[in-house]
Each structure stands twice: as structure tokens, then as C-alpha cells.
Amino acid sequence: MTGNVTRRGVHSWRLKFESGERDGVTGKRLTRYVTVRGTKKEAQRELIRLLAEVENGTAVDPSRVTVAEYLRGWLDGADHLANKTRERYRALAAQQIAPHLGGIMLQKLRPANIADWHVTLLRSGGKDGRELSARTVSHAHRLLHTALARAAQIEIVGRNVASMVRPPKVETEEVVILTADQISGVLTNLAGHRLLPIVALALGAGLRRGELCGLRWGSVDFAAGLLRVECAMEQTRAGLMVKEPKTRHGRRTITIPSFAIEALQAHWRQQLEQRLALGLGRPGVGDLVFTLPMARLGVPTTSAGVGAARR
């Protein structure tokens, strides 16, 4: 089997290789073209992989791939996705896309199929044939659009048909912001409750749930009144996972208001007392700030014992 790599753009390459099949009329070997992004070495490695599939008889003719098969393969190879995101995409693909579009050949998928799919999901795409929200349908459409964009990029399909049909309009909800008096009321009502520190920090710093759960003492600077957001925790089927922020804007330093600092300092003292009583020593920079009461756990909640931080 032979093939070659030619440059298409600054970071894209076209792979040309024999597919291993012959034209039914002329008997000539059929040629496939695939476009990939990256360095020339990466493109060459991909060509070697494709040639190996042809040689081993595991290569699949793109014209015979169904939407469901393509989605499954695309998700399996999407290493850039976070674990939780991959799980959510798999659920959307299995529940909202595959039952309605999965059996269609990928190259035969048309805009009309997408439009009909939207109508079906809105009318009876939910559990037990119930209506599905426009937001969920929009999420499913976005997933299909992303997957088809990749298929178009590597020239399995000639165009992204999902880009030709707009998803249902989603009504935006206005964000409700608590007033200073409301925040004060919440903190007063939680006085003495073990959730006070995490609620105070959530209100004072605006951290997401995963960022709060993944916060470590080494990221808190009491003297400067600062907090560094460096990671987040997510719940997956495989257990709790720690991940870095998706973008550089997600990694940030935040000024903590005085009421949040006071709540955190009280929480530090309480956690220190618990650890000393259990013979665990002072909390280290890698220890989680928010954990279950240690008297119930009986184990340290460090980076090596992150599973103990389950809420």
C-alpha cells in the first residue's frame, strides 16, 4: 500500500492513499483523501495508521458508515474532552441522536433529516415519549454539529448539514443576583451550620461548585485576602476526578470579601482541631478545603484521597 502527505494550509495536510478496494468497472485501485491538522510528523503518523488499517482489513469505507457508528468512533477518539463532558455527550448521542438518525448513512444525511429530527425531539423526544425542552434539543444539535464538522474536515462528508438548519430557539433566563441584605440573611440563617464556610465563599467569590469542591488550602492566602482558582472537581461514573480549567480565564486569582475570609479562618481552625484529634497533623497545601466531617471519614482528604471529598 502506498500514500503521500501534501500541505494544504499552515497547519493542515492532505493524506492520499490506496483504500485497498478496486473500482467495479475499471478494476483500478480506489484512492482515499483525508485532511488532518497538526505537524507534518503527526500527519505522517496518521497516514501510517490508516495504511495499517487497510493492510489489516479493518479500514471502513466512509460511504458505509452510519451516523451512530461515526458518533461512537468520534467520541472514542475525542481525547480533548473532559470526562464529565464525554459522559454527557455519550448520553445525548445514545438517547437523542442514535434512535432517530443513527441508522442513516453518514454521507446520506441531509438537512431535511435534521429539521425532522428537531420536530420529533420537541414533540416526543423525552422519557416515555414526552416533550423535550428546546434547550436539550439545542444541546443535541450542537453535539451533532461538532461531530459533523470533524467529518467534513477530514472529508468523510462534503459538508456539515447540521450547519444548514438552526436549532430551536432557547429562551434566555435572567440571572437573579442577591442583594447585600439577602446575602447577610443567608449567612445569618446558616450561622453555626457546617455549610456556612462553603456558602460564604460561593457568595463572596462566585466560584462554581466544581471549583469549590476542588479548592485546596495551598490556593488560599489569608494574609493577602486572595484565592487562586487552579482546578475543579467533577463527578463521573468512574468516580471523582480533578481537572484543570478549560481556558486561561478559568485559572484566576480572586479577592475574598471579609465575611468569606472570617468563615474560612473559622473553618480552618475547626478542621485543624479535627485533624490533630485524629493524629493527622496540620492540613497541607494539597489538602482539600471542604470535606465531610473527618470524624465520620477517619481518613485524610489529600490529593491522594480525593474520593473522601464526596458531598
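This briefing covers a helix contact, an aromatic cluster and the surroundings of one leucine. The model is predicted. Helices α2 and α5 pack at an angle of about 85°. W217, F222 and W268 form one aromatic cluster.

**Helix packing**
- Helix α2 spans residues 67-77 and helix α5 residues 134-153; their axes lie 11 Å apart.
- Angles from 65 to 115 degrees count as roughly perpendicular, so α2 is roughly perpendicular to α5.
- On the α2 side, the contact is made by V67, Y70, L71 and W74.
- On the α5 side, L143, L144, T146, A147, R150 and A151 take part.
- By class, the residues of this contact are 8 nonpolar, 1 polar and 1 charged.

**Aromatic cluster**
- The structure holds 2 aromatic pairs.
- W217 and F222 form a tilted pair, at 6.2 Å centre to centre and with 45° between the planes.
- W217 is buried, at 6% relative accessibility.
- F222 is partly exposed, with a relative accessible area of 26%.
- W217 and W268 have ring centres 5.1 Å apart and planes at 85°, so this pair is edge-to-face.
- W217 sits in the loop between α8 (209-213) and β4 (220-221), and W268 in helix α9 (residues 258-277), so the pair ties together parts 51 residues apart in sequence.
- W268 is buried, as is W217.

**Surroundings of L122**
- L122 belongs to helix α4 (residues 111-124).
- Its relative accessibility is 31%, so L122 counts as partly exposed.
- Leaving aside residues up to four places away in sequence, L122 touches E131, L132, S133, A134, V137 and P168.
- L122 and R135 are 13 residues apart in sequence, and their C-alpha atoms are 9.9 Å apart in space.

Notes:
Residues numbered from 1 in each chain as written. Predicted model: local features only at pLDDT ≥ 70, side-chain atom pairs only at ≥ 80, totals over all residues. Heavy atoms only, no water. Axes fitted to C-alpha atoms, helices over the stretch in contact; angles between N-to-C directions. Helix = DSSP H or I, 4+ residues; strand = E, 2+ residues; numbered from the N terminus. Parallel < 35°, antiparallel > 145°, perpendicular 65-115°, else oblique. Contact = heavy atoms within 4.5 Å. Nonpolar A, V, L, I, M, F, W, Y, C, P; charged D, E, K, R; others polar. Buried < 20%, exposed > 50% of the residue type's maximum accessible area, 1.4 Å probe, protein only. Phe/Tyr/Trp six-rings, centres within 6.5 Å; stacked < 30°, edge-to-face > 60°.
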